[in-house]
Amino acid sequence: MENIIDVLIVILIFAALILAFYLAFTFKTKSEKEYEKRLEKSLADEYIIDPETGVKLTLEQAESGHWISHDNEFRAIPEFELDNLPTEDEKMVQKAINYLRVSKEYRKTTLTDKQIKVFEKSKTLNSYDDWHYSHPFEFENGIVFLPAPELHGMTYYQDDYCESHVMFWIKIDNINGHYFFREKSSSEKILDLLRNDDELKIADYECFTLKKSNNIILLKNILKNFENEKELEIEIDDENLFIKTTRLVNLNDILRIEKIIKNVC
C-alpha cells in the first residue's frame, strides 16, 4: 500500500512540475496579449501593407509577386489601417514615413554609390558597429533617410542594439574643418566640471575636433541653431552637415530638424 502511495506522490509531483513549466512558458503579459490581438485583427483582414510604397495588397497578390503599384509613390497608409499595426512604435514610425511620402517637399529617391560612400565615411555612422538604411528621400537642400545603426554586445547585461533613426544631409558653405557632436555621458559631464577642453561648445554636447577650421564665425553661427536641442548627433565636415536623431523614427524629430535646416540654409 505504501508503495502505491509513494508512486502516486511521485506522479503528482511530476505532473505539478510539468504544469509549472507549461504555465511559465505560456504565460503572457497584458502587452503581449494586446500585440497578438492586433496581429490577429490584421491577419483577419486578409491583406498586408507594402512597407516601401504603402500599397494595400491581398495575400494572393503578395504571394504571386505580380501587381501594379501605379502612382503609389506618395500613398500614405490611412489612419484606420495604422490602427491595425501591432505596436505603438510601428504606428509612430509609419506616421513619420507617411509624412515624407505625401509632402511636396520630398521626392522618393535611390541613393547612389557616391552618396553611400559619403555616409560610410561620416563619423556619425562610423561610430556604430554597422548600419543599414531605408526610405531615402531627396528635397531641395539635400537628402533624408532612415539609417538603422547597430551596436553589438553593448554590455554584459544588455543585448545588441539596432533601431531606425532619422538622418538629414545638407550642403553648407565650406568651413574647411571637421567636427562631430554627440550628447555627453554622465561621466563626461562630471569630468567637464574639472576640465572642459572642448574647442566648441553646445550645452550638454561633447565636441570632437577631427580637423580644425579657420572659419570659426560661420561654424558658431551654424551651431547656434542646435542650442537646447536634445538626442541628436551633429557632424560638420567641410561643406557637409549631417544631423541624425538617436531615438526611434518619429514625426516630431523630422519637424524640428526641418526648422533647424531652414535657419541654417
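Reader: Why is Asp-238 called partly exposed?

Author: Buried means under 20% relative accessible area and exposed means over 50%, with partly exposed in between (1.4 Å probe, protein chains only). Asp-238 has 21% relative accessibility, so Asp-238 counts as partly exposed. This is a predicted model, in which local features need pLDDT of at least 70 and side-chain atom pairs count only at pLDDT 80 or more, while totals for chains, interfaces and linings use all residues. Residues are numbered from 1 along each chain as its sequence is written, and side-chain values use heavy atoms, with hydrogens and water left out.

Reader: Which residue other than glycine has a phi near 70°, and is Asn-228 buried or exposed?

Author: The residue is Asn-228, with a positive phi. Asn-228 belongs to the loop between helix 9 (216–223) and strand 10. Its relative accessibility is 69%, so Asn-228 counts as exposed.

Reader: Which residues does Asn-176 touch, not counting residues up to four places away in sequence?

Author: Contact means heavy atoms within 4.5 Å. With that cut-off, Asn-176 touches Lys-211, Lys-212, Ser-213 and Asp-238. Asn-176 is placed in the loop between strand 7 and strand 8. Its C-alpha atom is separated by 8.1 Å from that of Lys-211, 35 residues apart along the chain.

Reader: What makes Trp-169 and Phe-242 a stacked pair?

Author: Rings of Phe, Tyr and Trp (its six-membered ring) pair if their centres lie within 6.5 Å; planes under 30 degrees apart count as stacked, over 60 as edge-to-face and the rest as tilted. Here the centres are 6.1 Å apart and the planes are at 20°, so the rings of Trp-169 and Phe-242 are stacked. The structure holds 10 aromatic pairs.

Reader: How do you know that the pair links distant parts of the chain, and are Trp-169 and Phe-242 buried or exposed?

Author: Trp-169 is in strand 7 (residues 167–171) and Phe-242 is in strand 11 (residues 240–245), 73 residues apart. Trp-169 has a relative accessible area of 9%, so Trp-169 is buried. Phe-242, with a relative accessible area of 1%, is buried. One aromatic cluster is formed by Phe-119, Trp-131, Tyr-133, Phe-145, Trp-169 and Phe-242.

Reader: What makes a set of residues a nonpolar core, and how many residues has the largest one?

Author: A nonpolar core is a set of buried Ala, Val, Leu, Ile, Met, Phe, Trp, Tyr and Cys residues joined through side-chain atoms within 4.5 Å. The largest such core has 36 residues, and those with the most contacts inside it are Phe-168, Phe-181, Phe-226 and Leu-241. Its largest share, 5 residues, comes from helix 10 (residues 251–264). Apart from this core lies another, of 10 residues, among them Phe-119, Ile-143, Trp-169 and Phe-242.

Reader: How do you know that strand 8 and strand 9 pair?

Author: Two strands pair if DSSP finds at least two bridges between them. Strand 8 (residues 178–183) and strand 9 (residues 205–211) have 6 bridges, in the antiparallel sense. Strand 8 also runs antiparallel to strand 10 (residues 232–237), with 5 bridges. Phe-181 has Cys-207 as its bridge partner in strand 9 and Ile-234 in strand 10.

Reader: What do the buried residues of helix 10 pack against?

Author: They pack against helix 5, strand 4 (130–139), strand 7, helix 9, strand 10 and strand 11. The buried residues of helix 10 include Ile-254, Ile-257 and Ile-261.

How values were computed:
Helices (H or I, at least four residues) and strands (E, at least two) are DSSP runs, numbered from the N terminus.
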